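Hi everyone, thanks for making time this morning. I'd like to walk you through one model, so please have a look at the screen while I talk.

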Amino acid sequence: MECAHNLMPLPRDMFSEIIKHIDVRTAGRLRRVNRWFYQMINPAQYCSTREYRRLKRVNRLRYKNTLWELVTKYPDKPWDWYKLGQNPSTTFDIVKTYPHYVWEWQSVSQNPNITFDIIQANPDLPWNWKGVSQNPNITFDMVWANPNLPWDWDGLSWNSNLTFDIVLANPTLPWNWESISRLLDTTFDTVQANLHLPWNWCVLSWNETVKIEVVRAHLNKPWRWCVLSLNRGITFDIIQANPDLPWDWYGVSQNPNITFDIVQANPTIPWDFLGLCQNVNITFDIVRANPDMPWDWDVLSSNPNITLDIVTTNMD
């Protein structure tokens, strides 16, 4: 029998493969939106009874909220309620269903499942406005449209929807400049064009768009040299070309641009082995091949290249 648009139903083997990648909810939505699509993939029509039951069982498991099954089963366990409040598995329905739980409302208020509509519809709940202000569902159009609400500017400064253009257009607002200095769209071109603003230079020292020419042009600024020295944007060539700058060798030794080949090729440099032990380029093979180096085994134990297998096979 022909489907709408004169298209034949999918062959059973093709449908069986497609059905592995589509869930019952999606099929239901598509049925309401597009009758032809539903005719093509209607599970009840094209699946065997056994296959259809398997699909429903898989999807029940897929949408099962295992975390909250555990919380409700063991409510007296020492759960971290701040992190539970932030957890994407925590929905507003769960918060409403269990009002007696010890919710941390700052974390609940910034949970991505909490929308501005929910907050407005439930004014009696103890919303934490620092958390609300950080919530990724809060846009600055909402902020401007609701100036009477108790927005927290520290929280808004950490909001993922904030851009530097918004800050620049509203320079008199009480922004948190540590956060503003961390903004993903903050480049050193932006900083140089706005040197009059109260930047946090310690945070800017982490910024990977930093250029050594900018650093040299503004040596009077309070750079954090221990941070700048391990910045990914600072290469060994830059360090070598600027020996007069106050490099922090603990930071340089951790810098991911520093390889063990560079260390070996430059033995006169005051490498810091506490820093080198944390360097992501230092592997256990390098350590084993250079036993006379002053490795610090306590610090080396925190190196991401040291696995449990390495530890258990090298207990001596």
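Let's begin at W175. Setting aside neighbours within four places in sequence, W175 is in contact with F140, W153, S157, L162, I166, V167, N170 and I180. Do keep in mind that this is a predicted model.

Take W153 from that list. Is it buried or exposed, and what about W175? Both W153 and W175 are buried. Their ring centres sit 5.1 Å apart with the planes at 90°, and angles over 60 count as edge-to-face, so that is what we call this pair.

Now the core. The largest nonpolar core has 69 residues, and the members touching the most others are W103, W127, W175, I180, W199 and W271.

Stepping back, the chain has 26 helices and zero strands. Of its 316 residues, 40% count as buried.

Last stop, the surface. L308, V311 and M315 make a nonpolar patch of about 340 Å². M315 lies in the segment after α26, which spans 308–312. Why does M315 count as exposed? Because its relative accessibility is 64%, and the cut-off for exposed is over 50%.

Thanks, everyone!

Note on methods: Residues are numbered from 1 along each chain as its sequence is written. This is a predicted model: local features need pLDDT of at least 70, side-chain atom pairs count only at pLDDT 80 or more; totals for chains, interfaces and linings use all residues. Side-chain values use heavy atoms; hydrogens and water are left out. A nonpolar core is a set of buried Ala, Val, Leu, Ile, Met, Phe, Trp, Tyr and Cys residues joined through side-chain atoms within 4.5 Å. Buried means under 20% relative accessible area, exposed over 50%, partly exposed in between (1.4 Å probe, protein chains only). Contact means heavy atoms within 4.5 Å. Patches are made of residues with over 30% relative accessible area and no salt bridge: like charges are joined within 9 Å, nonpolar side chains (Val, Leu, Ile, Met, Phe, Trp, Tyr) within 5 Å. Accessible areas come from the Shrake-Rupley method with a 1.4 Å probe; for residues, only the protein chains shown count as cover. A salt bridge is a side-chain nitrogen of Lys or Arg within 4 Å of a carboxyl oxygen of Asp or Glu. Helices (H or I, at least four residues) and strands (E, at least two) are DSSP runs, numbered from the N terminus. Rings of Phe, Tyr and Trp (its six-membered ring) pair if their centres lie within 6.5 Å; planes under 30 degrees apart count as stacked, over 60 as edge-to-face and the rest as tilted.
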